[in-house]
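Look at the model below with its aromatic side chains in mind. The text after it goes through some of their contacts.

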Amino acid sequence: RGWMYEGDPFQALREREEAKRVAVKKRAQVQAAREKQLQEQASFGGVLMRGPGGGSGAGAGGGGGGGASNLMRGWATVPKIEMGGKTRTQLEEILRRETVWNPHGVVMTERQKGEIVRELKGLGFRQSHVEEAVEECKDREETLEWLLVHIPEDDLPRWALPEKYSAGVTVAATDLRREGAIKRLAESGYSVDLLLLASGSGEQEKAQEEELDTWRDSDECWEEEMATLEASFGDLYSSSSPEVCKIRLEGVVNGTHKDVETYLQFRKSPEYPAQVILAIEAQLPAYIKLSIIKKALAYARESLQGEETKIYFIVDWIQQNINEIIEKPGALRDVAAVASAASEVPRPVVKSSRKRQRYPKPINWTPNPQSKQEWLARTEAPNYKKMAAQRERLPAWQVRQRVVQTVQQNQVTIISGETGSGKSTQSVQFVLDDLYDRGLGGSANIIVTQPRRISALGLADRVAEERCTQVGQEVGFSIRGEHKTSPSTKITFVTTGVLLRRLQTSGGRVEDVVASLADVSHIVIDEVHERSLDTDFLLSIVRDVLYKRRDLKLILMSATLDASSFRDYFMVDKQNVTVGLVEIAGRTYPVNDFYLDDIIRITGFSGGNLGGRNDYYDDSANQASGRDVDPVNKIIQRLGHRINYDLLADVVKAIDEELSSLQKAGGILIFLPGVAEINRACNVLRSVSSLHVLQLHASLETKEQKKVFLSPPPGKRKIVVATNVAETSITIDDIVAVIDSGRVKETSFDPQNNMRKLEETWASRAACKQRRGRAGRVQEGNCYKLYTRNLEQQMAERPEPEIRRVPLEQLCLAVRAMGIRDVSHFLSRAPTPPEVTAVEAAINMLRRMGALDGDELTALGQQLSLIPADLRCGKLMVYGSIFGCLDDCVSIAAILSTKSPFLSPPDKREEAKQAKMRFARGDGDLLTDLRAYQEFDAMMSDRVPQHRIRQFCSENFLSYPTMSDISSTRTQFYSSLTEMGIIPRWYNPQASQQQQQQSMVLLRALTASAFSPQICRIQFPDKKFAASMAGAVELDPEAKTIKYFAQESGRVFIHPSSTLFDSQGFSGHASFVSYFSMISTSKIFVRDLTPFNAYTLLLFSGAIELDTQGRGLVVDGWLRLRGWARIGVLVSRLRGVIDKLIETKVENPGVDFDKQKQDVIRLVVKMIELDGMDA
């Protein structure tokens, strides 16, 4: 306490505390350096053992320090994985019971086997072991895992051993007799873990008797036997006690170790001479000693019956054969059951039993005169005649006979027709009427595909009306979650995805697909010109079906005349498929075009306070300068590239005024790129009292979509604000004017950085032509184009096929789920083949997601192929159903499929962030969104008044419409899961959620796992400490010092809107963070984040690779973990067990897991929650 007596004791105290802090920091740095050095040395020792020819050119203690440092570069700071002893015991017990190697029965080529044997022998494995492994495994990685599971620890290469490993047996000395027995058996090759289990239940003596039972000879006594041995072996014989003798063997070799000191020990048992106990004392792997003993005893039973000096012959046999046994100790299977605690119980590979498909009966093409008579009677009905008179006015009626003849004479018919020609409603009726006329009405089953739900519903209503029947009778529909058909249905309108689902679940082979379509007479694919992903996929499948089934007719309908490419597609294989063409002239009135400069003059739009952007519409505006610049071009320059809603409102008002002055009825159709733009435009237009404003887009409910076909209230003009869903198929009869923004939102994908973007871009000229045609359906109309003539010429002629611009994971998975093994070859035969690199990237992504194991479809992949959702959302829901948190996982998937419900107004950004943080618990953005939605959903379930719910949303900066959309999407997901059988039809989400006890650690692990491989590595700064009365205290790092790295993009940054933006650390030992979206602006930002720990990564992310230099594991090809290689192998095997659980759900969705499978789930949850350690 001398500082208290200094001249300035307070200054002295400060200096003392500062000195203490510096000392603490220095000790921490020294300790960290020491640990790093030990890690480098341990790792370097492993490398020395794997050099060519058994060495590396440097002695174990000589030099190489710089090499060791380079070797550990990038590994010293990575997360370390450990596994608690009890956890490992539980895991090994499950693996012994559940593991199946090479479940698909893959057989490697001899060349592959040879390469693996050479490589793994060079890594320190015995050749005979590798040769055994390649016969059982499917590839190099599984071979390596098999070896690390089956080879006992004391025979593993040095790099595969845990840090600070030392051979030997350590047993708690609570029972000396029990410990001695365990040590003796362990020396003979038994697994210590198994011996501990056996000895606890009185099984040790039984094991000893069964395995070490020798010969029986009642004529000899122990003394005579010993005398004979001493005389025979001389100095090699010794006796440490009257009941124990040892005989040394000579010339024993183990790899590079020559003349290994080896003794055979014979112990007199109480049952002598009926039983003698044999053991081997040597620096040899224990299981090899066990193998020597077993082979020696087998020799004795077979060859020494009746012999007198059996011990002598045993010693002589072992002396002659021991080196050969050490070199080739026999099949690991024969000794692994007792030498390795993780070795599984051998079982045959059982292929999963698929339910036998029940296919429909083939069509009977025998004419039925009664069917024809009934049809003729229908045509005489007054209602039918009235409707037929209306149909006769359509252009399609003029080519009725040509359509019928072309379909009869060709297997494929291509019908092209302008908007308003009646091709979509009339062509299928012409075909059906012709079948009725020929008495084949009973054979008719026409499936008509539409790209959108609203198209299928609208056409079903219209065609049923024209045929004077109710929907669900002669004419029906089938869309996801809703269908209306009957046994008498002849024409069924379906979405393309519904037909694909039917074909996908048929069995896989072309023959299975043909059988599933046995009762279908005609397939009609409408809107083929759109070249959607599903349409191209369907064409690829149906083309192969046509080759097998010549009576099946295919009709393609297109709004553009591009028949030649489709005709060539069906004739290129020279399979004698005939293709006929029919063109239907459009029935449209003249349409007058007004471009942007015209619109500005008509409306007198001045631009107001527009900025000075000049990147939007017209290059010609820049050609004039000075006094010659047209004021209109100035406004065009200043408009910018975004839609100007003031200009839009002015155009609508001008059109309304003009039509009203001419006393003309009719609606206005406005084309905008997306839902957000539609909402904004509707808000602006609803302020005009004379307008009846309606929305039209694909995500609207069916009843809302149908409102656009109804007449407006008296005194109001109908305004329909739509996406490109209104371009084709949907015909709104009373439209007389079209306003075209010229914009469309398309999904694009950059395979280089795995970034998917929904980008607003210019529509194609073909699409704009379709939009224009909507103005001339009922009378002469006008089209107001919010772009210039020059820009129209710069637009693409037609849209790029979707297969060339979107991610292909879903498509590749669907192809593989059909049983098609060569996905690349199949897609190369599509109408427009995708890039080979895009297909390879998609297949690789499916492997990283766990949907494919090599080329084999996993149970997870089977489930994902059936869920109509983004693969990541589907994966989340599948895991939720397995691990008992389905409801939360469905809610998170619905949030991801919609958007975050939180709002961030520019003028209240800080208040909005504080409101969002009230729901945050440090476990990521998605779980924050989930908590907000759960409160909203609870209020809705409790029937809280609407004004209070809206008040709750307003106070917490939550979007009520977005919350409603999430609820709607959630309902759709439950409908799909029920349809698939994952959940029963009586399932009640609210009741189920109340019963489930949620683990937020597990939920965030499953959420993070769904986004693999969209993972970032967290790099924390060096630890800092502060002195305190209790000693050094570790300080939390500043948020800005924590760095994040993605595989393709390198360093990335957390988006400021994330709840983790200011985080100084993460709970649950999180070392990684998953993201749903990546945005590239001034920096590369990641959003929708969920932090997770190392065991989540091991259990649910990409492939686990073992670093053969002993440094640890590599997950998904780039994420490093320090730790024992065997931990990675055990967890990798556990993944297979989890996939078997999913397979059980696939085959029997309603099954409840038994206790053993529940044990697997509980262990996985425990490993995630405790990061692999014991409780």
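Is Trp159 buried or exposed? Trp159 counts as buried, because its relative accessibility is 4% and the cut-off for buried is under 20%. This is a predicted model, so the values here are computed from predicted positions.

A search of the whole structure finds 21 aromatic pairs. One of them joins Trp159 to Phe125.

A second pair, Phe1072 and Phe1092, is stacked. Here the centres are 5.8 Å apart and the angle between the planes is 25°; planes under 30 degrees apart count as stacked. Phe1072 belongs to strand S28 (residues 1072-1074) and Phe1092 to strand S31 (residues 1090-1092), so this pair ties together parts that are 20 residues apart in sequence. Phe1072 is buried, with a relative accessible area of 0%, and Phe1092 counts as buried at 2%.

Aromatic rings can also group in a cluster, as Phe233, Tyr312 and Phe313 do.

Other rings have a charged side chain over the face. Arg950 lies over the face of Tyr960, 3.9 Å from the ring centre. Lys1083 lies over the face of Phe1053, at 4.4 Å from the ring centre.

How values were computed. Residues numbered from 1 in each chain as written. Predicted model: local features only at pLDDT ≥ 70, side-chain atom pairs only at ≥ 80, totals over all residues. Heavy atoms only, no water. Phe/Tyr/Trp six-rings, centres within 6.5 Å; stacked < 30°, edge-to-face > 60°. Buried < 20%, exposed > 50% of the residue type's maximum accessible area, 1.4 Å probe, protein only. Helix = DSSP H or I, 4+ residues; strand = E, 2+ residues; numbered from the N terminus. Lys NZ or Arg CZ within 6 Å of the ring centre and 35° of its normal.
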